[in-house]
Amino acid sequence: MLDTPRYLGKLPHLSVGVRLPEVFLEGIMSGFKTGNSAGGVMLSYHRETAPEYVINAPPGDFELTRGHTGTSIRHYIEASVAKAKEKGVVVEVEADHVSVSVSSEAVKRISGGGTHRVLSEEEVRSALKYIEDEIREAVSTRNIYFYTIDTCDLIDYSSEKIAVDELRTVFKDLYPASLIERYKDINVVVNGARIRFDEEKVMRLSLKLMRSIDVSERIYRIIKEMTPWPFGIEIAFDETPVTTDPHELFFVLNELRTRGIPVDFIAPNVGFQKREDFTGDLETLHSRVKTLHEVASFFGSLLSFHSGSGSSPYSMKGKGVHDIIRRAAGGLFKYKISGVYFELLMQLMSRSDIPSVRRLYEEIYDAVIELLEDQVKRKGELYDEVLVKRLEEHRKKSLNGYVRDSESPVFRYYSFLALNIRRNGERYLRNAIVELYLEDKGFREQVDREISALTVAFLDSLGFRGNVRLLR
């Protein structure tokens with residue numbers, strides 16, 4: 001019998017978000033069991049989950065988007081471990097997106113809007129202090145084995161536009177000449193393309209990426225100091241406005257190696273959009289992934305694919321996409337999904353012929369729209385032009401009769417907020433979903449069956465079925 005939970009190392013596997021542990025874990029673990037698969041269970045820190053003091057705080061003390069699932073770090077870890085042991089499933093509990101960021105801006109980007117704003121040093125210090133709180137609660141469970149570090153908000157894109165003379169002056173003020181020397185003799189061929197660095201490229205990449213890398217190291221040191229057992233590290237490099245350049249991936253991994261930071265997985269931007277199928281050219285995707293895979297492999301790392309959910313729960317990111325990344329990465333990769341389970345739950349509830357289920361779905365739908373309308377009216381933390389446009393589209397479609405469509409863009413992208421909507425201080429919709437699941441046997445069995453089937457579908461599509469055989 002293999003130990004669970006445990007550190008999986010560089011095992012290719014599916015890692016899933018457990019936003020509603022009370023509702024999702026039974027189906028997820030059953031799916032892993034059916035697929036004879038070891039996998040990851042996770043939530044995004046700062047966004048999906050938070051320390052208990054945040055979850056238990058009165059409404060308004062923290063951003064609406066911080067810990068928006070209403071599930072604390074302690075709860076998702078302890079519930080996941082208990083269910084994994086009950087089912088005999090090997091899991092790795094992960095702290096996903098341990099990040100230096102503003103949660104509302106990150107959520108807006110997830111929803112297709114938002115901006116990339118470089119954070120101040122004061123904001124970084126505050127974020128690092130908060131990260132200590134997150135790691136402390138995770139480690140107190142004695143069951144956390146993996147961390148994904150995300151410092152994408154510290155990437156400085158202005159360096160791409162600086163004139164060469166100014167670039168040289170700024171670089172000289174910040175970095176030693178030895179940094180350029182470090183890259184002078186690098187000459188690596190990946191997927192038929194050559195990775196080389198001239199002086200200007202090293203200077204631009206340093207100004208663009210080094211602050212992000214430096215803070216990644218600071219986060220790693222916090223994790224290492226607070227976690228007294230073996231653990232793994234992933235670097236999130238996907239929350240950027242453009243696809244990842246191979247030279248940038250090489251630079252990041254090389255600088256992290258110089259600092260002695262072991263990287264199991266790294267997640268580049270390969271052109272995936274959150275909650276959307278990939279619609280680009282598949283051969284271009286294959287070449288891009290193969291090149292990035294070979295860069296990562298040069299450093300002994302594997303790729304991780306974020307934004308794994310598509311336009312619908314079973315779309316698998318678009319026809320042929322999983323086959324492409326399997327071939328390009330030789331089956332050696334990690335794949336992450338999270339919001340897809342809540343999206344599936346909303347679809348099931350919207351189509352249910354059980355009156356109590358349908359009524360709760362309609363209440364959720366109306367509450368989410370009301371919240372969004374209020375955010376736009378007072379220009380709250382979620383306000384941006386993308387939200388305004390989606391609400392306008394929703395109003396137009398409602399002119400001929402109000403339709404609560406679970407697949408409408410405004411609901412698909414923002415329905416997760418339902419879990420953090422309060423009434424008299426209580427997350428009443430979250431509580432109602434859990435209560436319905438626990439009390440209605442027919443509904444519970446349907447949810448378990450559908451979530452298990454979706455998990456198995458991902459395992460099969462990605463080639464992860466039976467990966468437990470690779471463990472010792």
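1. Start of α10. In this predicted model, D281 sits at the start of α10. One of its side-chain oxygens comes to within 3.3 Å of the backbone nitrogen of E283.

2. Span of α10. The helix covers residues 282-298, 17 residues in total. From first C-alpha to last it reaches 24 Å, close to the 24 Å expected at 1.5 Å a residue. Just after the helix comes G300, with a positive phi of about 75°.

3. Buried side of α10. Which residues of α10 are buried? They are L285, H286, V289, T291, L292, H293, V295 and A296. An α-helix has 3.6 residues a turn, so residues three or four places apart point the same way. The buried residues pack against two helices by name, α9 (246-258) and α11. They also pack against the strands β7 (188-190), β10 (265-268) and β11 (302-305).

4. E48. Look next at the loop between β2 (39-44) and β3 (49-50), where E48 lies. Is E48 buried or exposed? E48 has a relative accessible area of 5%, and the cut-off for buried is under 20%, so E48 is buried. A polar atom of its side chain lies 2.7 Å from the backbone nitrogen of S44. Leaving aside residues up to four places away in sequence, E48 touches R19, L43, G67, H68, T69, T71 and S338.

5. G330. This glycine is in the loop between α11 (321-328) and β12 (333-337). G330 and G40 are 290 residues apart along the chain, and 20 Å separates their C-alpha atoms.

Key
Residues numbered from 1 in each chain as written. Predicted model: local features only at pLDDT ≥ 70, side-chain atom pairs only at ≥ 80, totals over all residues. Heavy atoms only, no water. Helix = DSSP H or I, 4+ residues; strand = E, 2+ residues; numbered from the N terminus. Expected span 1.5 Å × (residues − 1). Buried < 20%, exposed > 50% of the residue type's maximum accessible area, 1.4 Å probe, protein only. Contact = heavy atoms within 4.5 Å. Polar contact = N/O pair within 3.5 Å; in protein donor to acceptor, adjacent residues only side chain to side chain.
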